[in-house]
Amino acid sequence: MAEKGGRARFRALGTEAVVLVSDASRLGPARAAVEARLRLVDEGCSRFRTDSELEHLNGAGGVPVEVGAVLIEAVEVSLRAARLTDGDVDPTVGEAVRVLGYDRDFA
């Protein structure tokens, strides 16, 4: 008889993440893989971490900054979303978002 599935919930990126698996014996490795990927996203793309690549880039004042693949992918995806939505999605609104008060972690 096959094992029943499993579920793990945990805090990530200021919200709740849920990992679901059909085989409970795979829950541990699946959760570890998701947590590892989300950690990379947080380290590369967080506006709420002063040590993130995004914040280093934002603070560089036009000086070239080396960044990793995760941030590059996020920028590429956001620019594609902007093209596909004729600008309805706009990845360049960071300062306006801060002015409106969205500059703190939800926690």
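What percentage of the 107 residues in the protein is buried? Buried residues come to 16%, where buried means under 20% relative accessible area, exposed over 50% and partly exposed in between (1.4 Å probe, protein chains only).

A quick note before the views: this is a predicted model, so local features need pLDDT of at least 70 and side-chain atom pairs count only at pLDDT 80 or more, while totals for chains, interfaces and linings use all residues. Residues are numbered from 1 along each chain as its sequence is written, and side-chain values use heavy atoms, with hydrogens and water left out.

**View 1. The overall fold has four helices and two strands.** Follow the sequence and you get β-β-α-α-α-α; helices (H or I, at least four residues) and strands (E, at least two) are DSSP runs, numbered from the N terminus. The radius of gyration, taken over C-alpha atoms, is 17 Å, well over the 13 Å that the globule rule (2.2 Å times the number of residues to the power 0.38) gives for 107 residues, so the protein is more spread out than a compact globule. Its C-alpha trace spans about 60 × 30 × 30 Å along the principal axes.

**View 2. Serine 46 sits in the loop between helix 1 (27-45) and helix 2 (53-58).** With 8% relative accessibility, serine 46 counts as buried.

**View 3. Here are the partners of serine 46, including Val41.** Its side chain reaches the backbone nitrogen of phenylalanine 48 at 2.9 Å. Setting aside neighbours within four places in sequence, serine 46 is in contact (heavy atoms within 4.5 Å) with Val41, Ser52, Leu54 and Glu55.

Technical notes:
A polar contact is a pair of N or O atoms within 3.5 Å; within protein, one must be able to donate a hydrogen and the other to accept it, and residues adjacent in sequence count only if both atoms are side-chain atoms.
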